[in-house]
Protein chains: 2
Amino acid sequence: MKIALCQLNYHIGHFDQNIQRITDAIQKAKKAGANLAVFAELAVSGYPPRDFLDFDDFITRCETAVQHIASFATGIGVILGAPVFNKTGKGKRLFNAALFLNNGKVEAVSHKALLPNYDIFDEYRYFEPGREFATIDFMGERIALTVCEDLWNVGSKPLYTFSPMDELIKQSPTLMINIAASPFHSQQAEIRRKVLTENVDRYKIPLLYVNHVGAQTELLFDGGSVAIASDGSVAGEACYFEPDMLLTDTQQLRTPNHLFQPVPQNRIGNIHDALVMGIKNYFEKLGFTKAILGLSGGIDSAVVLALAARALGPENVLGVLLPSRFSSDHSVDDALELTANLGTQHAVVSIEDAFQAFEKTLSPHFKGLPFGLAEENLQARSRAVILMALSNKFGHILLNTSNKSEAAVGYGTLYGDMSGGLSVIGDVYKTDVFALAHYINKQGIIIPTNIITKPPSAELRPDQKDSDSLPDYEILDKILCHYIEEFKGPNDLIEMGFEKTLVERVLRMVNQNEYKRHQTPPILRISQKAFGMGRRMPIVARYLS
Amino acid sequence: MKIALCQLNYHIGHFDQNIQRITDAIQKAKKAGANLAVFAELAVSGYPPRDFLDFDDFITRCETAVQHIASFATGIGVILGAPVFNKTGKGKRLFNAALFLNNGKVEAVSHKALLPNYDIFDEYRYFEPGREFATIDFMGERIALTVCEDLWNVGSKPLYTFSPMDELIKQSPTLMINIAASPFHSQQAEIRRKVLTENVDRYKIPLLYVNHVGAQTELLFDGGSVAIASDGSVAGEACYFEPDMLLTDTQQLRTPNHLFQPVPQNRIGNIHDALVMGIKNYFEKLGFTKAILGLSGGIDSAVVLALAARALGPENVLGVLLPSRFSSDHSVDDALELTANLGTQHAVVSIEDAFQAFEKTLSPHFKGLPFGLAEENLQARSRAVILMALSNKFGHILLNTSNKSEAAVGYGTLYGDMSGGLSVIGDVYKTDVFALAHYINKQGIIIPTNIITKPPSAELRPDQKDSDSLPDYEILDKILCHYIEEFKGPNDLIEMGFEKTLVERVLRMVNQNEYKRHQTPPILRISQKAFGMGRRMPIVARYLS
């Protein structure tokens, strides 16, 4: 049997477009001689539909879409994901279903049994777990059809009390098909491959795996759909970060020792591509074309400008220099050189008049008090007001340029540099921002060397440097990563060799600044634990703070 | 047996304080002759600890706290909630446990079996459901001990496939004890009473119920712990919105027909008390005393000022009038009359200089373009910059004054009037803001009549009125409530008699403005579906938009 693994970019709730893309792919698969076309989990709605799933109207539209798509399932079988009503009268309203369409109708339904409910996942919020397991016979194959997490109860500390494949294998399937919605993070491709291979090793039959591609707000789906032969070798792999169709033949999947070499994974390269896709899709799916951002002459805004230029085209990106009395000459020069290298638009708008107006207005209230945080924030907020005014006038989306290290310790101004419609590098630690800059420059200087080599500074008071108030980023980022992504506690960190007062200070900064992160833009997620929907913290708490 | 129901205000992660409050209450219960003291769900950690539960260090601190509290359980039994490690080797890391402490140690443990995972609840994110059920024998009673949701699988559409009490009842318990963390919304007290009574009706034994009181960021716990006799009559009820200790006797709980009259519930009165508690606790728990807010002369800021004055004392609340060229005279006069009535602090800071500076700075870029949204937003943002500068300089928390109707349709300026550390009335529809104003005035005019009767206006351009761009609030609020809180779709609404184009316009506004609500402050929750953690929507979507 010939099977087409259809890796598409869906748009949440955009049923007409999703249907069009699915039916186009069915026709294309048919033309290519495929007997079966396989699409991703919740393909019909896009993933994750989140609380739209609470609306009967939304589910009904999914049902209508499935009926329409089923009419294309003639002369070809179709597997795809959709939410369906739970009609058992007990438990949650919905199932997360994999549907088998054939002869113009839905011929079989598998309900997802293991519902991920950690990090960015909330599936038990909506879905009842499936409890019945049946294989599907089609064209001489017996298919064990599962949905994403159903194959993930592996390793030494299984999260669930059973594995659906342990039930399905009793029916002697000849082929596993898993439809997924598995978002990117910088280690995910390797983890995913390991989990899939572990299933093939255990059940000794081939596995076809279809993922989403494209971004949905903060979640970046990298694709990488794959066909794994019964001996665990990779028979074929779809593109990363692009829609694709992978044709495979079940006969070949039983031939051992495939010579296919999967694309080697480059961590920083993948982050780069993921972020570019994230920007591109955010704009496309919201119907915008133009971005604006503030250019400080520092590395964060330089990297964001370069990523935005690749995602949207340099002609659609406006970098605004917003100098103040504290801006160094090289800041302006470096930023101008950067925009020239990229070919992006630029403007220079001084914040001096606005800053002076605020100083004058506030002077009767501030009289006698020294220059301090309030005055620093006034500058950052004046910049945001100007950027937002330009954005409101001309229809840009403001890109936020804060990095993860800053966001973690609260080194940023609410309604100032923390503003924006999308945070591009809010999940990238400062040390990785440097690595991204080098990656961007790998075929020639785009980001001027001076931007990369000069000491980071907010330039909100004379001769200010990040290192005045923050530990070295090399050390800070390590502590942050152990704490945020590995859940290490203060004792663990001290045992690892970090200094006690530094550990306590950093953890206190992270926890005390939860209120700021609560109001930040959505952050493109590239790590296992990004701020935002994947990390949910109480603001009012007193723990390590 | 005499039992003390201990209804306390906990603080998430503040172990020392939680332990102190619990052990003080144990001593007090002992002195009052109680044989058993009962505390709420996850009392030791505070509720909800959210992703702090992912940290072993946090759980270990909970364990240490329990050991310490157990040393006070001599001559008295203690029941309280804490997270405990799952040591079965399968499933999620933790159980949500009710612990029975006696003779200085943990003598029995019940694991919560039904884990709420909807609206503001995320318990399946952390906890494995309990699957074993055992009653606890103590002083002649056989106690069926459950945790909150365990009693909620009632009604015609049960959310779970079984009820823990159906298992426990087989062991012939004489008494149900349920420890809970059941947050307030304006209908919750009635719903809760109904659910608890339904359990007593079904199992025919008395029920003791202990809830949290106090606010944790957006969640408001109203208390209302209760003792229900075996005939379903209420034998005693603890305070609402205040810590309390309710003493009850198991003998009395078997005497039918208690004459206790529960406090009648007043919807607007409860919302008022809940919001006052919410402000008070937010400030106390973050270690702040002073609030600042912008006073427009409109009803929203007037109601927030009155609530803040009650919560924090008028001397701790600074209302800032921020007039522009578009402000009407009555706005300033009305706001000044209001601050005089309340005895709050006030200041007048014109935004004219800042607004003119921005106009001048932007004029080369805006040349020839008409006054529009960008200029309106400039005013709102200039106000926010001034309020935040004062807040930064003097240590206030800025209170946000947006109402739910505005937040729903996106009628507000990001980084402008949508700023603040806490949104006080962001879950109160405009029509209920009026009702709150009347409630505040019920014993004499506090909010000047003119503020209540004049047509709502943002005053960002000449002669602007809310009604220029929004439907009547009477109609708008109804559509919003059906959509947001009852999940009605467009067809449902049209069938209810709302005009088709209006329905489509309102739903589109709600869905298109998700990006704005993503960046708003935490909103005190008083409805069944508040914006924020209880309503999770994708930003990038195209559904009814």
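Author: A crossing counts as left-handed if the near helix is turned anticlockwise from the far one by less than a right angle, and as right-handed if it is turned clockwise. Helices here are DSSP runs of H or I with at least four residues, strands are E runs of at least two, and both are numbered from the N terminus. This is a predicted model, in which local features need pLDDT of at least 70 and side-chain atom pairs count only at pLDDT 80 or more, while totals for chains, interfaces and linings use all residues. Residues are numbered from 1 along each chain as its sequence is written, and chains are lettered from A and ligands numbered from 1 in the order in which they are written.

Reader: Good. So in which hand does α8(B) pass α9(B)?

Author: The crossing of α8(B) over α9(B) is right-handed. Their axes are 9 Å apart and the packing angle is about 125°, where axes are lines fitted to C-alpha atoms, for helices over the stretch in contact, and angles between N-to-C directions run from 0 to 180 degrees. That angle is why α8(B) is called oblique to α9(B), given that under 35 degrees is roughly parallel, over 145 roughly antiparallel, 65 to 115 roughly perpendicular and the rest oblique.

Reader: And which residues of α8(B) and α9(B) meet there?

Author: From α8(B) there are A354(B), F355(B) and F358(B), which meet L378(B), Q379(B), S382(B) and V385(B) of α9(B); a contact means that the C-beta atoms, placed from the backbone, lie within 7 Å. Sorted by class, this contact has 5 nonpolar, 2 polar and no charged residues. For those classes, Ala, Val, Leu, Ile, Met, Phe, Trp, Tyr, Cys and Pro count as nonpolar, Asp, Glu, Lys and Arg as charged, and the others, with Gly among them, as polar.

Reader: Changing topic to the pair of chains: how many residues of chain B are in contact with chain A?

Author: On chain B 80 residues are in contact with 80 residues of chain A. The helices of chain B that each supply at least two residues to this side are α2 (56-70), α5 (267-286), α8 (352-366), α9 (373-394) and α15 (490-495). The largest share comes from α9(B), with 14 residues. By class, the side of chain B that touches chain A has 42 nonpolar, 21 polar and 17 charged residues.

Reader: Within chain A, which helices does the contact with L275(A) join?

Author: L275(A) belongs to α5(A), which, together with V276(A), I279(A), K280(A) and F283(A), contacts L307(A), A308(A), R310(A), A311(A) and L312(A) of α6(A). The axes of α5 (267-286) and α6 (299-312) of chain A come within 8 Å and cross at roughly 60°, which makes α5(A) oblique to α6(A). The crossing of this pair is right-handed, and their contact has 8 nonpolar, no polar and 2 charged residues.

Reader: What about α14(A) and α16(A), how far apart are their axes?

Author: The axes of α14 (473-486) and α16 (500-512) of chain A are 11 Å apart, at an angle of about 60°, and the crossing is right-handed. L476(A), I479(A), L480(A) and Y483(A) of α14(A) touch V503(A), V506(A), L507(A) and V510(A) of α16(A). That contact divides into 8 nonpolar, no polar and no charged residues.

Reader: Last one on the backbone: is the peptide bond from Y47(A) to P48(A) cis or trans?

Author: The bond from Y47(A) to P48(A) is cis, with omega near -5°, and P48(A) is in the loop between β2 (36-38) and α2 (56-70) of chain A. In chain B, a cis peptide bond joins Y47(B) and P48(B), with omega about -5°.

Note on methods. Contact = placed C-beta atoms within 7 Å.
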